[in-house]
Structure formats: C-alpha cells, structure tokens
Amino acid sequence: VRRARSTLGIRIPARPWNTTANKDNIRHWCYGIGDMNPLYIDEHYGQGSVWGSIVAPSLFVSTFASDVLYPFDPKYEPKVKGANFPGTGELQIKAEWEFDQVIKLDERVRAERALVNLQEVNTDFAGRAFQQLWETRYFYVAGGALVAVERSQVLRYERQAARERKKYANLKKYKYTQQELENIAESYFQE
C-alpha cells in the first residue's frame, strides 16, 4: 500500500494498441463494435463532411492506451512498481470520459497515465480492498493538443479472501429457453 501511494501522480507513457488513426484501424474498430456510421467507414461520405475525410468514433481513442498495468517504456517500471497490487483481482467500477478533439484520419495520438487516488475500502465479497482512480490523458503527437481524458476507477481485491467468503456461491446459472434465445438473436439482428 505504501509503495502504491508513493506512485500517486506519476505520469508515464501508456502502451498503445494503435499509434495512428488510419482507415483500417478505424474500420476494424467500427466492425468490431457494430458501428456502421458512414462518417467512420465510408471514405466518400467522409470527404463531403466538415472534416473532409472519415474520422474515428470517440472511444477509438482508447486504443492508444492498452491497459493500466504496464508502462510503455521499461525505464518507467521502477517508478510505478507496486501501483497495481500484483496478484490481486481487479473489477472495473466505472470510466468517465471527456472528449476535446475529433480524431481525424491519419492522426497520431500518444497517451500518458497516472494513478491519482487510492482508497482502502471494505467489501462484502472480499473484505479489505482498494479503490484506485487512474487518469489517462490522450494528446495529438503533432502539436500536443489534448484529445481526451479518461478517469477509470478500479477495485483491487484479494482473490483468496473472495474465494473463502463465497458470497456468490449460491447463485444459480440461468438457463434460457429456446424462445428466449430466438428473441435475443432477433433483437441482435434488428440493431
């Protein structure tokens, strides 16, 4: 806990999945989430827009920072070692986003991340746990303008304690009827 607290506010470069918002990355993202907005995937449509080309969906910015756990550059590892409570379980509690810029075609984006708050809490399912607030800031590489800010709250808990408490041990797995499955499939295809 002391080590994690000592990392508060230290900003490190985030490890990216993508470094550039090219048309293939944007299209793959859109297909993956089922967003067929022509502003994102139709080059001809994009050319007629105020942007003059396709743009990326707002949350595409998250592909420029893959995860909270590992810094992009190993030289930063000693600065943040222990911030993640290695060996603990993690639950995503919430993420809040602020978007300042549209991600334009072929823009390069970099991200930096910091642990900005740490609180000890008590949970019913695992006992002692820690709530962490991480802040990730995304910037255009060219010019350095702020693109977006994400504040992500996670809960770190001891896995063994959660297993021993067995809070959810009596939950029964729901079995869908064939009609329910067909309704779900129809609903999916209607989107």
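Biologist: Which side chain meets that of Arg151 in a salt bridge?

Modeller: Let me say at the outset that this is a predicted model. The general idea is that side chains of opposite charge can pair when their charged atoms come close. Here the partner of Arg151 is Glu98, with a distance of 2.9 Å from N to O. Arg151 belongs to strand 7 and Glu98 to strand 3, so this pair ties together parts that are 53 residues apart in sequence. Arg151 is partly exposed, with a relative accessible area of 25%, and Glu98 is partly exposed too, at 40%.

Biologist: How many salt bridges are there in the structure, and which residues are linked in a network of them?

Modeller: The count comes to 12 salt bridges. The network links Arg11, Glu98, Arg110, Glu112, Glu135, Arg137 and Arg151. Within it, the side chains of Glu135 and Arg137 meet at 2.8 Å, N to O; Glu135 is buried, with a relative accessible area of 8%, whereas Arg137 counts as partly exposed at 32%. Another salt bridge joins Arg156 to Glu90, whose closest N and O atoms are 2.9 Å apart. Since Arg156 lies in strand 7 (residues 146–157) and Glu90 in strand 3, that pair ties together parts that are 66 residues apart in sequence.

Biologist: Let us turn to helices. Which residues of helix 2 are buried, and why do they line one face of the helix?

Modeller: An α-helix has 3.6 residues a turn, so residues three or four places apart point the same way. In helix 2, which spans residues 23–33, the buried residues are Asn25, Ile26 and Cys30. Seen down the helix axis, the buried residues of helix 2 fall within an arc of 130°, so they line one face. Helix 3 (38–41) and strand 2 are among the parts that cover them.

Biologist: What is found at the ends of helix 2?

Modeller: The N-terminal end of helix 2 is capped by Asn22, which has a side-chain oxygen 3.1 Å from the backbone nitrogen of Asp24. After helix 2 comes Gly34, which has a positive phi, near 80°.

Biologist: How should I read the strands, and in which sense do strand 5 and strand 6 pair?

Modeller: With strands, one looks for bridges and for the direction in which the partners run. Strand 5 and strand 6 pair in the antiparallel sense over 14 bridges, and a hairpin of three residues joins them.

Biologist: Finally, how many aromatic pairs does the structure hold, and are Trp97 and Tyr138 stacked or edge-to-face?

Modeller: For ring pairs, one reads the distance between the centres together with the angle between the planes. The structure holds seven aromatic pairs. Trp97 and Tyr138 are stacked, at 5.8 Å centre to centre with 25° between the planes. Trp97 lies in strand 3 and Tyr138 in strand 6, so the pair ties together parts that are 41 residues apart in sequence. Tyr174 and Tyr176, by contrast, form an edge-to-face pair, at 4.9 Å centre to centre with 80° between the planes.

Technical notes:
Residues numbered from 1 in each chain as written. Predicted model: local features only at pLDDT ≥ 70, side-chain atom pairs only at ≥ 80, totals over all residues. Heavy atoms only, no water. Buried < 20%, exposed > 50% of the residue type's maximum accessible area, 1.4 Å probe, protein only. Helix = DSSP H or I, 4+ residues; strand = E, 2+ residues; numbered from the N terminus. Arc of directions from axis to C-beta. Contact = heavy atoms within 4.5 Å. Polar contact = N/O pair within 3.5 Å; in protein donor to acceptor, adjacent residues only side chain to side chain. Phe/Tyr/Trp six-rings, centres within 6.5 Å; stacked < 30°, edge-to-face > 60°. Pairing = 2+ DSSP bridges. Salt bridge = Lys/Arg side-chain N within 4 Å of Asp/Glu carboxyl O.
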